[in-house]
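Hi,

Here is the structure I promised to pass on. Have a look at it first, and then read on for what turned up.

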Amino acid sequence: MVDLLLQLADDPDLDVELSYDALRGLTLDLMAGGTDTAAITVEWAISELIKQPQLIRQVTEELDKVIGRERWVEEKDIPHLPYLDAIIKETLRKYPVAPLLAPHLAMEDCNVAGYDIRKGTRVFVNAWSIGRNPSPWEQPEEFRPERFLGRNIDVKGQDFELLPFGAGRRMCPGYNLGLKMVQLSMANLLQGFNWKLPDNAKVEDLNMEEACGLTLPRKFPLVAVMEPRLSLHLYKT
Ligand code: HEM
């Protein structure tokens, strides 16, 4: 990608000039935005699932039915996995990777939902508290993927009760890739492995504290044991 950008920067016919500073910023943005985000989401999802083994049973039933046990999940399978989709939405509701999104700046005076916002105000959108608000979300502290089944709520910035990628023209430009990375990793991690806590640790003792910051990782990394659940030849490279 860097090669391609450097070639573009040297192209004299480009409509918008790409300076080396812009390239450096762009590359840094993509690395920062594109690495931790999907991993944090997958770690929260697996943690919640380990706490509720019946959810793992339900999603692996779906995976077995749609894919079987003789191959790994592929991108084309993802639209046929509604329960997995519900698990991922529920994870992004409860644990939005960027809890306050990115800081925004009002470019002109405006009024949002009755609040006057002056030009130049720095605005933070608290996606974390929207996701825990009991008005749109019944029992928001509970991890219940079923709440998304049969409901037309998406994460693409059109449904304001669920904004894990933001909305509008500053919304995450990598949302499509990010979502696909989470979907495919989750599908294969659940299809390919049984999950449990080590040394007979109890699920009720699994610490679910969040670390506060620009992003929302687990305070303590998840330690879990994975066992293969597919035919063994599939694990050979
Ligand atoms: C699960 C995965 C991801 C989540 C949850 C996520 C979430 C977000 C959020 C909430 C924002 C701020 C949006 C706003 O303030 O309205 C953002 C911005 C951004 N994201 Fe992502 N992201 C993910 C994956 C990615 C990937 C894979 C890339 C790039 C390869 C990426 C690149 C960026 C960049 C460059 C920005 C800044 C955009 C700007 O300021 O205009 N993100 N992301």
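So, where does the ligand sit? It sits in the largest pocket. Please keep in mind while you look around that this is a predicted model.

First, the overall layout. The protein has seven helices and six strands. If you walk along the sequence, they follow the pattern α-α-α-α-α-β-β-β-β-α-α-β-β. The C-alpha trace spans about 55 × 50 × 35 Å along its principal axes. There are two domains to keep apart: domain 1 covers 1-33 and domain 2 covers 37-235. Their C-alpha centres are 31 Å from each other.

Now the ligand. Which residues come nearest to it? Of the 23 residues around it, those are Gly33, Ala102, His104, Arg170 and Cys172. Both domains take part in the shell, with domain 1 and domain 2 each giving at least three residues.

By helix, the shell looks like this:

- H2 (20-34), H3 (36-51) and H7 (175-192) each supply at least two residues.
- H2 provides the largest share, with four residues.

To find Cys172 in the fold, go to the loop between helix H6 (127-131) and H7. H7 itself is one of the helices that supply at least two residues of the shell.

Then come the oxygen atoms of the ligand. What sits across from them?

- Arg170: a polar side-chain atom is 2.6 Å from a ligand oxygen.
- His104: an N or O atom of the side chain is 2.7 Å from a ligand oxygen.
- Ala102: here a polar backbone atom takes part, 3.0 Å from a ligand oxygen.

After that, look at H2 for its four shell residues.

Cheers

Technical notes. Residues are numbered from 1 along each chain as its sequence is written. This is a predicted model: local features need pLDDT of at least 70, side-chain atom pairs count only at pLDDT 80 or more; totals for chains, interfaces and linings use all residues. Side-chain values use heavy atoms; hydrogens and water are left out. A residue is near a molecule or strand if one of its heavy atoms lies within 4 Å of it. A polar contact is a pair of N or O atoms within 3.5 Å; within protein, one must be able to donate a hydrogen and the other to accept it, and residues adjacent in sequence count only if both atoms are side-chain atoms. On a 1 Å grid over the protein atoms alone, a cavity is a set of points where a 1.4 Å probe fits but cannot get out, and a pocket is an open set with protein on both sides within 12 Å along at least five of seven lines; lining residues have an atom within 4 Å of a point. A molecule sits in a cavity or pocket if more than half of its atoms lie within 2 Å of its grid points. Domain bounds come from an automatic or database domain assignment.
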